[in-house]
Structures are given as C-alpha cells and as structure tokens.
Amino acid sequence: MSQWDFISTRLQERRQAGLYRERHLLESAQGCHIRVGGKELLAFCSNDYLNLAGDPRLVSAAKHALDRYGLGSGASHLVIGHHQLHEQLEQALAVFTGRQRVLCFSAGYMANLGVVSALLDRHSLILEDKLNHASLIDAGQLSGARLLRYTHNDVDALANRLEQASGKRTLVATDGVFSMDGDLAPLPDIVELAKRHDALLMVDDAHGFGVLGLHGGGCAEHFALSATELPVLVGTLGKAFGTAGAFVAGSAELIESLIQYTRTYIYTTALPPSIAAATLSSLAIVQDEQWRREHLAQLIRQFRTEARRLGFRLMDSATPIQPIVVGDSRRACELSEYLLQKGLLVPAIRPPTVPEGSARLRVTLSAGH
C-alpha cells in the first residue's frame, strides 16, 4: 500500500456519497444568458446580482486603463504595486461606506484571513455564527485564537458565549447576508451585545453590498448602523460590483494597523490597475442606477410567490439568494441535471458546504433576469 492511496480512496468515497464536484466550462461572457459546453443556457447561479460583470461601461474603463497603465500591477502594494487608481478606489469606497478609510485586497478570502489574524492572537477569542462563510471559519482557525461558534442567528447563544469571554480580547464575526441561506444576520442585536461586552465586531457583507439599502450600501445602510456600531466592515467586489477583489472599511487607525500587520495584504501582488478602474465605474453605477435594485426586489417577490404556489420549500430569504431545500444530495443533483437539460443552470449545493440533510438548489437572481 502506498501512502498516496488515500487520494483515490477519498475521491471514490465522495463519488459514492453523491458529493463529487465538477466544473462547468463557461464559453461566453458572464451574464444571465451564457454558453456552457456548447449549449446556450439561462443562468440562475451567478453572484452578479446587478448584472454588471459584462456591462460595456466597466469594460471600457478597464480597456482605457489597460492602454494607459498596462496589465499587471507588478508588485505588492507596499513595494511599488499601489497605483493611483487603487488609491482613488479606496477613497471612493470610504465615502460610499461612510468610513474614514478603506483597504483593498485581491480577494475576499484573503481579506477575512488577513484581518482576523491581524486583530487576534493565541490569547484571544473569536465567536462566529455556525453558518459563516468558509473564509471566516478558516480565518478563525488560522488566527491561533480560540474559536467558538454559536447557533445560526441565535442572539441568546451569542450572549451566552460573550458571558464566558472572561476578559479576553474577543471578536464577534458574522456574515451580513449568509451565502447559502440568503438570510440576514440580526445585526442590531449583535451590535448591542458587542457594545455591552466590549467585544470587537466584524461583518462580512459580501452578498449585501450593492443589493441592500437605497443606495446599495449593504447591511449597514439597510439597518442604519453607523461606523462606530459596525467598526470592521468587509465587502467583495466580484459579486454585485461585477469586478474582482475585496475591501475592508473602518477607522483610519484600523486601516493603518492592517497595512502594517496583515500578511495577506503585505505579501500579495496588488490587483491590476484596470480592475480598480472598472470598479470605480461600477461603484458609480451601483449608486446611480437604483432601478437595478428595484427590479431585483420585484423578481425576488415574484419568485417566492410562485415557488410557494408550486409547493417548493424555501428558506427565509429576502435577498437574491433563494435556496430550494431538497434534503437528499443525490436528489438535488438529479434535479439540477434535469433543469440543465431544460436549459436552466441551477447548481446543487451539498454537504459539506451546507449541513447534512439540507442539500438544495441554490437559485440566485440578477437584475439582468
């Protein structure tokens, strides 16, 4: 027996359990109408909530920047990779979020890993919602802090955890919108608990920015929470904004500290300037074209009404993420394949991404539908 045999064994086990993952090959621009494997499909699987990933204005902004500044950034931000377009984007995002400063990252995963590790050490405690995104869970585990998780959106369970914090530096970290259920964290209650127990608070609003709030300001705008109440705010640019990368918004002192201590920022090549240029264009559209959010909200209401009428089991979501709970993983895959044959791309989401027995079809809606 070879020590490498475990690889083939694991793959076989995953196939037998109906949990094997395969990639679709996209042959067109991202959008609601796409081409996959030579077949034209109507997609209900993208996080491109405002239908901006293929917007010609973003493409034009990126092309202009490419012609003027070239392709790669060439280095990390702290060497010589921090371009004037990165600086302009950070300043614009600071105004958009109502925070003093913003720091951009190459990916949301890197933002969460970096920020948590910069804020905590092995003497600290981090409390996380059980349904947080994998990047937040991994961030807690890799930080060296003691990681405790509380029942999903259970404010009483979080309060009990905070009561046991014993004076340690404590960070409460939660998604704003949960990526697999589509529901919102009870942020006003969490803010009050964090304040009462003098705990740090970090919110990953990857799926809220651009979608929630009158101007697309996400959970903070939706719940009317200030920069003091939500002191560490994370967002991604590859979802509603239609580009790539991520950002952390907070006080000037927080951002300066992150620049000094965040390894996933310090030791990573900066995003291409063209991405920053495209995102500046996207940010203006997100704020100006409110019709996109209004149309999306109408689609969500329509979908939920008709899905319930057909007897589908939905989750408590008022966001573009509309999971249809199936339960059995193999059945979810069968339904996804059936829809694919009908020209609809709707992914089956199975454990370990979601809890056992809660396999689902994850329908995501877009302003382009």
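Contact means heavy atoms within 4.5 Å, and the close-up views below are taken from a predicted model.

**View 1. Thr262 in the loop between helices H10 and H11.** Thr262 sits in the loop that separates helix H10 (252-261) from helix H11 (263-266). Once its neighbours within four places in sequence are set aside, Thr262 is in contact with Phe105, Gly114, Val115 and Ala118. The relative accessible area of Thr262 is 0%, and because buried means under 20%, Thr262 is classed as buried.

**View 2. The packing of helix H2 against helix H12.** Helix H2 (residues 56-69) and helix H12 (residues 273-288) pack with their axes 8 Å apart and at an angle of about 150°, which makes H2 roughly antiparallel to H12, since angles over 145 degrees count as such. The crossing of these two helices, H2 and H12, is right-handed. On the H2 side the contact is formed by Arg57, Leu58, Ala61, Ala62, Ala65, Leu66 and Tyr69, which meet Pro273, Ser274, Ala277, Ala278, Ser281, Ser282 and Ile285 of H12. Sorted by class, the contact of H2 with H12 comprises 10 nonpolar, 3 polar and 1 charged residues.

**View 3. Ala75 in the loop between helices H2 and H3.** Ala75 belongs to the loop between H2 and helix H3 (77-81), and with a relative accessibility of 11% Ala75 counts as buried. Leaving aside neighbours within four places in sequence, the residues in contact with Ala75 are Ile80, Gly81, Thr269 and Ala270. The C-alpha atoms of Ala75 and Tyr267 are separated by 9.2 Å, although these residues are 192 residues apart along the chain.

View 4. A search of the whole structure finds 4 aromatic pairs. In one of them, the rings of Phe96 and Phe209 have their centres 6.1 Å apart and their planes at 45°, so this pair is tilted. Phe96 lies in helix H4 (residues 84-97), whereas Phe209 lies in the loop between strand E7 (200-204) and helix H9 (219-223), so the pair ties together parts that are 113 residues apart in sequence. Both partners are buried, Phe96 with a relative accessible area of 13% and Phe209 with one of 1%. The rings of Phe96 and Phe241 also have their centres 6.1 Å apart, but with their planes at 85°, so this pair is edge-to-face. Here Phe96 in helix H4 is linked to Phe241 in the loop between strand E8 (232-236) and strand E9 (246-250), 145 residues apart, and Phe241 is buried, as is Phe96. Phe96, Phe209, Phe241 and Phe247 together form one aromatic cluster.

Definitions and conventions. Residues numbered from 1 in each chain as written. Predicted model: local features only at pLDDT ≥ 70, side-chain atom pairs only at ≥ 80, totals over all residues. Heavy atoms only, no water. Helix = DSSP H or I, 4+ residues; strand = E, 2+ residues; numbered from the N terminus. Buried < 20%, exposed > 50% of the residue type's maximum accessible area, 1.4 Å probe, protein only. Axes fitted to C-alpha atoms, helices over the stretch in contact; angles between N-to-C directions. Parallel < 35°, antiparallel > 145°, perpendicular 65-115°, else oblique. Left-handed = near helix turned anticlockwise from the far one by under 90°. Nonpolar A, V, L, I, M, F, W, Y, C, P; charged D, E, K, R; others polar. Phe/Tyr/Trp six-rings, centres within 6.5 Å; stacked < 30°, edge-to-face > 60°.
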